[in-house]
Amino acid sequence: MTWIPKNTHKQTVHAGFVPALAVWHRAATRVAPTMQLFIILAALLSFTGCSKEYMAEREFWKAERLMSQIKKADLEAQGTQILDPVATAYQKVFEKYPGTVKAVESLFVITNIRLRQKNTQAARETLQKIIQNFSSWPDRAIEAREGLAKIYEVEGAWDKAETAYWELAKFHPLHPKGLYAPVHMIIHYKKVRDPEGQKRVYSLALDYYEGNLKTTGPIQAAAAIKNYLALAKLANGDWQEARTDWLTIPKEFPESPYAPMALLAAGELSQERRDIGSALDAYNQFLTSYGKHPLVERTTLRIGLLHSELKEFAKAREWFNKLLVHVKEAEKIAQLKLLIGQSYQNEGNWEEAEKIYHEIETQYPNSGAALQVPLFFYTHMESLGETEKAQEILDSALQKYQEIEKTATDPAMSQLAQRLEFSAYAEKGDWKEIMSTFDENMAKEQAMDKRGNWLIFKAFIAESKLKDLEQAKSLYQSFLSEYANHPLANYAKTKLEALTKSSPSPSV
C-alpha cells in the first residue's frame with residue numbers, strides 16, 4: 001500500500017494513482033510548460049474516469065448484494081413489491097455515475113424488475129432513458145429499442161410497437177436486429193390475417209431495403225441487406241423472388257459470411273417447394289465454393305437423402321460413403337450405414353441390405369441405428385407376405401423399445417425408443433394403444449406446452465386415423481380451454497372450425 005505523507009496537499013487522491021502521477025510529473029518536467037499543463041490535465045481526466053467507473057462498480061456490487069438476499073420464498077410470500085428497494089439501489093448507480101458501463105447495466109436490471117412486477121409503463125420509461133442517454137452505445141441502444149417494441153407488442157399496442165420497430169430499423173440500418181425488424185412486422189400482419197396491413201408494411205420494407213442498398217453501395221455490408229430483403233420476400237410469400245435474391249449474394253459477394261448461408265437458404269427453400277433439381281444445384285454449388293464450411297457434413301448428407309428421394313440409390317450411396325470417410329463418431333457411422341442398407345432395400349437388393357443391417361446390430365449394438373433395424377426386417381417380411389413372422393419381429397421390437405424407454409439413462413435414447421414404439425404401433429394399426437401412450441406421457445409431463453403437445457397429438461390421431469370426428473372435436477375444444485396461449489392454439493382453432501363445419505353437432 002502507498003502512504004500519503006500527512007503534510008501533503010489535502011486534495012483526495014486514490015492511493016493506487018500516486019506512483020502513476022509521479023511518473024507523469026517526471027515526464028512533464030522535460031517538456032515545455034504548456035505541454036506540461038496539457039499532460040497533467042489529461043492524466044487527471046483519465047484518472048477521474050477510471051475512478052468514476054470504479055465507484056460505479058462498487059455501487060453496482062451493493063445493489064447486486066441486495067438482490068441476492070431476496071429468496072424465492074420471500075418473493076412468493078411478499079410479492080414482487082419486495083424488489084422495489086433493489087430497483088432503488090440500481091437507480092442510484094445511474095444517478096450518481098451517469099455515462100458509466102454499470103449505469104446502463106443498472107437500467108436494464110431495473111427494466112427486468114419492472115417487467116417482473118408487471119409495471120410495463122415503468123419498464124418502458126427505463127428503456128427510454130437508455131435510448132436517450134446511451135445513443136452513442138449502439139449495442140445498448142439497439143437492445144433498448146427492441147425491448148421497447150416487444151413490450152408494446154406483448155401489451156397488444158401494435159401501432160406503438162410498429163413505430164418502435166421502424167425506429168429500430170431506421171436508427172440501426174446495418175445491424176441484424178434493425179434489418180430484421182421489417183421482416184418481423186410482415187410476419188405479424190400475416191399471423192393476424194391482415195392482408196392490407198401486410199401489403200402496406202411489405203411495400204415500406206422493400207423501400208427500406210432498396211434505399212439501404214443505394215446508400216451502402218456494392219460493399220460487403222450490402223450482402224446482409226440483400227439477405228434480409230430475401231427474408232422479407234419469403235415472409236410475404238414471394239418465395240421465388242427470395243430464392244433469386246439469395247442466389248445473387250454468392251455471385252456478387254463470394255467472400256461475405258452471408259454467401260454460403262444464402263446458398264443453403266436457396267437450397268432449403270427449393271427443397272421445401274419440391275424443386276429437387278434446384279435444391280441439388282444450390283447444395284452442390286455450396287460444397288464446391290465453401291468446402292471447409294462447418295455445414296459441409298450436413299449438406300453432403302442432405303444431397304444423399306435427396307438422391308434417395310429421387311430413387312437414384314447408387315448416387316445416394318456415393319454421397320453417404322463420402323461422409324463415411326470423414327465421420328469418426330460411432331453413432332453417426334451406424335446411421336450412415338443404416339441409410340446405405342435402406343437404399344439397397346428400396347432398390348430391391350435385400351441380400352446387401354441384410355448384410356449391412358446385421359453389421360450394424362453386431363458392431364454398433366447400442367446405437368440408435370441398431371434400434372431401428374427390426375422395423376426394416378418387419379417391412380421386408382411384410383413385402384414377402386410372411387405376416388406371422390413380421391408380427392413376431394414387431395412384437396419383439398415393441399418389447400425392447402418399452403424396456404429401453406423405462407431404463408435408459410440417456411434421455412435421447414429414451415426419446416428415440418418412444419418414437420420407434422409409436423412407429424411400431426402405427427405399423428400394427430393400433431392407434432388406441434398409441435392414444436393410451438400419449439395419456440401416460442401427458443400425465444408425466446411437467447411443462448405446460450409439452451402437455452399441450454400430447455393433447456394435440458391425440459386429437460390428430462382421433463381425426464385422421466380413428467376417423468372419430470366427435471372425439472377429435474372434443475379434444476381440440478379441451479386443448480383450447482386448457483392451453484389458450486399454446487403455440488399451437490391457432491392450429492387447434494382452425495381444425496375445430498373445419499370439423500364443426502363438416503360435421504355440425506346434432507341439435508338437441
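Let's start with isoleucine 130, which touches Val104, Leu107, Phe108, Ser135, Arg140 and Ala144, leaving aside residues up to four places away in sequence. Contact here means heavy atoms within 4.5 Å. Before we go on, this is a predicted model, where local features need pLDDT of at least 70, side-chain atom pairs count only at pLDDT 80 or more, and totals for chains, interfaces and linings use all residues. Residues are numbered from 1 along each chain as its sequence is written, and side-chain values use heavy atoms, with hydrogens and water left out.

Now, back to isoleucine 130. Nonpolar side chains tend to be buried together in soluble globular proteins. The largest nonpolar core has 81 residues, and Ile130, Tyr165, Tyr209 and Trp246 touch the most other members. Helix H11 (residues 221-236) gives the largest share of this core, nine residues. A second, separate core holds 59 residues, including Leu338 and Val373. By nonpolar core I mean a set of buried Ala, Val, Leu, Ile, Met, Phe, Trp, Tyr and Cys residues joined through side-chain atoms within 4.5 Å. Buried means under 20% relative accessible area, exposed is over 50%, and partly exposed is in between, using a 1.4 Å probe and protein chains only. Helices (H or I, at least four residues) and strands (E, at least two) are DSSP runs, numbered from the N terminus.

Next, charges. Side chains of opposite charge can pair when their charged atoms come close. A salt bridge is a side-chain nitrogen of Lys or Arg within 4 Å of a carboxyl oxygen of Asp or Glu. How many salt bridges does the structure hold? There are 25.

Lys102, Glu105, Arg140 and Glu143 are linked in a network of salt bridges.

Is lysine 458 buried or exposed? Lysine 458 is buried, at 12% relative accessible area, while aspartate 439 is partly exposed, at 34%. Their side chains meet in a salt bridge of 2.8 Å, N to O. Lysine 458 lies in helix H23 (residues 448-464) and aspartate 439 in helix H22 (residues 431-444), so the pair ties together parts 19 residues apart in sequence.

Last, a look at two helices. Two packed helices are described by the angle and the distance between their axes. The axes of H15 and helix H16 (residues 313-326) come within 7 Å and cross at roughly 160°. Among the residues making the contact are Leu301 and Leu305 of H15, with Trp319 and Phe320 of H16. Axes are lines fitted to C-alpha atoms, for helices over the stretch in contact, and angles run from 0 to 180 degrees between N-to-C directions. H15 and H16 are therefore roughly antiparallel; angles over 145 degrees count as that, under 35 as roughly parallel, 65 to 115 as roughly perpendicular, and the rest as oblique.

Threonine 299 is also in helix H15. Threonine 299 is buried, at 3% relative accessible area, and touches Leu264, Tyr283, Phe286 and Leu287, again leaving aside residues up to four places away in sequence.
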